[in-house]
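Student: I've got this one open on my screen. Can you walk me through some of its contacts and its pocket?

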Amino acid sequence: MNRFIDGDPYIDLANAIIILAVDDYREAYESYDLDTMLELEVFFKSDWFHALSMLDGEDIIRRLRK
C-alpha cells in the first residue's frame, strides 16, 4: 500500500496535490523552467498549502533545491 494513502479521502487528496507539486517542481528544476519553479514556490508558501498540510513549505523548497 502507498505510504501516503491515509484512507481519509480528504487527506489523500491533500497528499496527492502536494506530491504532484513536488514532482512538478523537480521536473521544472531539471529543465530550468524558472517560471514554473517560482509559481510552485508561491504555492509552497501559501495559505492554501498550509491548509492542506502541516509541512514547512520553505523546508520543502530547500530540500528540492539540493
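**Salt bridges, a buried serine and a pocket**

Tutor: Let's start with D59, which is partly exposed, with a relative accessible area of 25%; buried means under 20% and exposed over 50%, with partly exposed in between (1.4 Å probe, protein chains only). Keep in mind that this is a predicted model, where local features need pLDDT of at least 70, side-chain atom pairs count only at pLDDT 80 or more, and totals for chains, interfaces and linings use all residues. Residues are numbered from 1 along each chain as its sequence is written, and side-chain values use heavy atoms, with hydrogens and water left out.

Student: How far apart are the closest N and O atoms in the salt bridge of D59 with R63?

Tutor: Side chains of opposite charge can pair when their charged atoms come close. D59 and R63 sit 4 residues apart in helix α4, so about one helical turn separates them; helices here are DSSP runs (H or I, at least four residues), numbered from the N terminus. A salt bridge needs a side-chain nitrogen of Lys or Arg within 4 Å of a carboxyl oxygen of Asp or Glu. For D59 and R63, the closest N and O atoms are apart by 2.8 Å.

Student: Which residues are linked with D59 in a network of salt bridges?

Tutor: D59 also meets the side chain of R62 in a salt bridge, at 3.7 Å from N to O. R62 is partly exposed at 48%, while R63 counts as exposed at 60%. The residues linked with D59 in the network are R62 and R63.

Student: Where does K45 lie, given its salt bridge with E58?

Tutor: The closest N and O atoms of E58 and K45 are 4.0 Å apart. This pair links distant parts of the chain, 13 residues apart, with E58 in helix α4 and K45 in the loop between α2 (34-44) and α3.

Student: Is S53 buried or exposed?

Tutor: S53 is in the loop between α3 (47-52) and α4. Its side chain reaches the backbone nitrogen of L55 at 2.9 Å. With a relative accessible area of 12%, S53 is buried.

Student: Which elements give two or more residues to the lining of the largest pocket?

Tutor: A pocket is an open set of points on a 1 Å grid over the protein atoms alone, where a 1.4 Å probe fits, with protein on both sides within 12 Å along at least five of seven lines; lining residues have an atom within 4 Å of a point. The largest pocket is lined by 11 residues, with I18, V22, R26, L55 and I60 nearest its centre. The elements that give two or more are α1 (9-30) and α4 (57-65).

Definitions and conventions:
Polar contact = N/O pair within 3.5 Å; in protein donor to acceptor, adjacent residues only side chain to side chain.
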